[in-house]
Amino acid sequence: MKSNPLILGGTTEATALCRALSDAGIGGTISLAGRVARPLQQPLPQRIGGFGGVSGLVQYLADHRISHVIDATHPFAAQMSRNAIQACALAHVPLIALSREPWRAGAWDKWTHVRDIAGAVTALNRPAARVMLAVGRMHLSEFSPNPQHFYLLRLIDATEDRLPFPDHRIVLDRGPFTYQGDLELMRENGINLVVSKNSGGTGARAKLAAARALGIPVVMIDRPDLPPRLETYEVSAVLDWLCHGRTDLGV
C-alpha cells in the first residue's frame with residue numbers, strides 16, 4: 001500500500017519533516033492545532049483543528065486511510081501525544097514521535113527544576129523580580145497568584161485576553177532566536193529570572209545561553225511523562241521508518 005502518513009505538527013521539526021517528505025516524493029497530510037493565527041506555509045496539504053479526542057482520531061485514521069502517524073507536536077502537547085498513542089493502538093496504525101532532545105544544564109547554569117506549570121507558579125511565590133516568562137500564551141493566566149513581578153512575555157500572536165499582571169511587556173516575535181538578540185532583550189528589560197519549559201531543540205535555546213552569560217537563574221519546567229513509544233530526534237530516521245519499516249530508532 002502506498003504510504004499516506006499523518007504528521008501531527010506545529011513545530012520546526014514537523015516543518016522540516018514535511019519538506020523532506022515532499023522532496024522524497026512522499027505525500028501525506030500535516031495537522032495543526034490552530035493555536036497560531038498565521039501558521040507557516042507547509043509543503044504538504046494541511047488541516048487545522050482538533051480531532052475530537054481519541055475516538056475522533058481513530059475515525060480520521062480510518063476515513064483517510066492513514067498508513068502511518070508521526071507525532072511531531074511540541075514536547076508539552078502531552079494530551080495530543082497521549083491521544084495519538086491510544087488511537088494508533090486501537091486503529092493498528094504505526095506511530096513514531098519526532099521529538100527534540102531535552103536541554104540539559106551545564107556547569108555554569110543556575111537551574112531549578114520543577115515538575116509542571118503549578119511548580120513554576122509556586123517557585124515565583126517570592127519577592128518581586130523581573131521575569132522572562134517563556135511558557136506560551138495558554139498558561140499565562142495560571143501565574144495570576146504572583147502579580148508582584150514584572151513579566152516579559154514573548155509571543156507569536158497578540159493575546160486578546162486581559163493579562164493578570166499589572167506590570168508586563170509583550171514582544172511579538174517568532175523563533176529561531178539568537179544569543180545576541182536574547183542577551184540584549186534581557187539587558188534592556190533588566191531580567192533577573194527566567195521561567196522556561198524544557199522544550200529542547202535549537203529555536204529557543206538562546207535565552208538559556210544568555211541567562212548563563214548574565215548569571216541569571218532559570219526555573220526549568222520538566223517535560224510531562226508519556227507512555228513508551230517509538231521516538232527519534234532525526235528526520236532521516238523517520239524517513240527510514242516510513243520507507244523501510246525500521247523500528248530500531250529509539251532515542
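Predicted model: local features only at pLDDT ≥ 70, side-chain atom pairs only at ≥ 80, totals over all residues.
1. Arg229 forms a salt bridge with Asp71, and the closest N and O atoms are 3.0 Å apart. The two partners are 158 residues apart and link distant parts of the chain. Arg229 sits in the loop between strand 11 (218–221) and strand 12 (231–232). Asp71 belongs to strand 4 (residues 68–71). Asp71 counts as buried, at 2% relative accessibility.

2. Arg229 also forms a salt bridge with Glu231; here the closest N and O atoms are 4.0 Å apart. Glu231 counts as buried, with 17% relative accessibility. Through shared partners, salt bridges join Asp71, Arg229 and Glu231 into one network.

3. Another salt bridge brings together the side chains of Arg169 and Glu188, at 3.2 Å from N to O. Arg169 lies in strand 9 (residues 168–172) and Glu188 in helix 5 (residues 179–188), so the pair ties together parts 19 residues apart in sequence. Arg169 is partly exposed at 32% relative accessibility, whereas Glu188 is exposed at 57%. Across the whole structure, a search finds 8 salt bridges.

4. Now the helix packing. Helix 2 (residues 53–63) and helix 3 (residues 78–91) pack at about 50 degrees, with axes 9 Å apart. The two helices are therefore oblique to each other. Helix 2 passes helix 3 in a right-handed crossing. Helix 2 contributes Gly53, Val54, Leu57, Val58 and Leu61 to the contact. From helix 3, the contact residues include Met80, Asn83, Gln86 and Leu90. The contact residues divide into 10 nonpolar, 3 polar and no charged.

Methods: Residues numbered from 1 in each chain as written. Heavy atoms only, no water. Axes fitted to C-alpha atoms, helices over the stretch in contact; angles between N-to-C directions. Helix = DSSP H or I, 4+ residues; strand = E, 2+ residues; numbered from the N terminus. Parallel < 35°, antiparallel > 145°, perpendicular 65-115°, else oblique. Left-handed = near helix turned anticlockwise from the far one by under 90°. Contact = heavy atoms within 4.5 Å. Nonpolar A, V, L, I, M, F, W, Y, C, P; charged D, E, K, R; others polar. Buried < 20%, exposed > 50% of the residue type's maximum accessible area, 1.4 Å probe, protein only.
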